[in-house]
Each structure stands twice: as C-alpha cells, then as structure tokens.
Amino acid sequence: MKQTDKTTINVAKILAPIVGSRDLMPILAESVNKADAKSVDLDFSEVEFVSRSAAHALLLMKEDLQRKWRNKKYGAVKK
C-alpha cells in the first residue's frame, strides 16, 4: 500500500472540543502513528480550549515523534 504525502486529523473529533488533560495525548499519538502519510496536520479549528498541560504534552509528543522519525531515517547516532 502506497503512503500518501499528507493527511489531516481533526483533533476535536478524535478527542473533544475541550482538551483539558494531558491524559488524552496517547489517544492522539495513536491516531498520528496509525496515519499512513509522510506528513500529518492536526486540525484544531473545532477545538475551543486546550489546557496548558495538554499543550505541553502535545509539544513533547511532537518532539518524540520527530526524534523517532530522524532515528528511523538516519539511524541512531552512536558516540
């Protein structure tokens, strides 16, 4: 199966219009990981509120996914 270039995930439909907890991020991460695309856009247009803790968890998730992608693409850097 060929991987698409880009997909969009509607955060409000996956989680809720009010993202009030970092505990919801594993659900979003699972959706991102299941997406068969080179690039995933998160659509927050229907989200009314994101708590600071959820926003922080989202940033950590983004950094973790970027790190995994780099390691997969370039291989782990050995010291």
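Contact is taken here to mean heavy atoms within 4.5 Å. The structure is a predicted model, in which local features need pLDDT of at least 70 and side-chain atom pairs count only at pLDDT 80 or more, while totals for chains, interfaces and linings use all residues. Residues are numbered from 1 along each chain as its sequence is written, and side-chain values use heavy atoms, with hydrogens and water left out.

The secondary structure of the protein chain consists of three helices and four strands, where helices (H or I, at least four residues) and strands (E, at least two) are DSSP runs numbered from the N terminus. Read from the N terminus on, these elements follow the order β-α-β-α-β-β-α. Taken along the principal axes, the C-alpha atoms of the protein chain fill a box of roughly 40 × 35 × 15 Å. Among the contacts in the protein chain with a separation of 6 or more, 77% are accounted for by residues 24 or more positions apart. The protein chain has an average pLDDT (the predictor's confidence in each residue, from 0 to 100) of 89, and 92% of the residues score at least 70. Among the elements, the lowest mean pLDDT, 89, belongs to α3, and the highest, 97, to strand β4 (residues 49-50). Where pLDDT is low, the predicted coordinates should not be read in detail.

Of the 79 residues of the protein chain, 22% count as buried. In α2, the buried residues are Met-25, Leu-28, Ala-29 and Val-32. These residues cover an arc of only 100° around the axis, and therefore lie on the same side of α2, the arc being that of the directions from the helix axis to the C-beta atoms. Pro-26 and Lys-34, by contrast, are exposed on the other side of α2. The cover over the buried residues of α2 includes β1 (4-10), α1 (11-14), β2 (18-19), β3 and α3.

The largest pocket has a volume of about 790 Å³. On a 1 Å grid over the protein atoms alone, a pocket is an open set of points where a 1.4 Å probe fits, with protein on both sides within 12 Å along at least five of seven lines, and lining residues have an atom within 4 Å of a point. Grid points are joined across faces, edges and corners, and the volume is the space filled by probe spheres set on the points. The largest pocket is lined by 19 residues, of which Val-32, Lys-38, Val-40, Leu-65 and Trp-69 lie nearest its centre. Two or more residues of this lining come from each of α2 (25-34), β3 (37-43) and α3, and α3 gives the most, with nine residues. By class, the lining has 10 nonpolar, four polar and five charged residues, with Ala, Val, Leu, Ile, Met, Phe, Trp, Tyr, Cys and Pro counted as nonpolar, Asp, Glu, Lys and Arg as charged, and the others, Gly among them, as polar.

Lys-38, one of the residues nearest the centre of the largest pocket, lies in strand β3 and counts as exposed because its relative accessibility is 61%. Residues up to four places away in sequence not being counted, Lys-38 touches Gln-3, Thr-4 and Asp-5. The C-alpha atoms of Lys-38 and Gln-3 are 6.9 Å apart in space, although the two residues are 35 residues apart in sequence.

Further positions were examined in helix α3, which spans residues 52-74. Ala-55 lies in this helix and is partly exposed, because its relative accessibility is 30%; from C-alpha to C-alpha, Ala-55 and Val-19 are 8.8 Å apart in space and 36 residues apart in sequence. Gln-66, also placed in α3, is likewise partly exposed, with a relative accessibility of 37%, and its C-alpha atom is 21 Å from that of Ile-14, at a sequence separation of 52 residues. Tyr-74 is found in helix α3 and is exposed, with a relative accessible area of 61%; Tyr-74 and Leu-60 are 14 residues apart in sequence and 21 Å apart in space, C-alpha to C-alpha.

Note on methods: Buried < 20%, exposed > 50% of the residue type's maximum accessible area, 1.4 Å probe, protein only.
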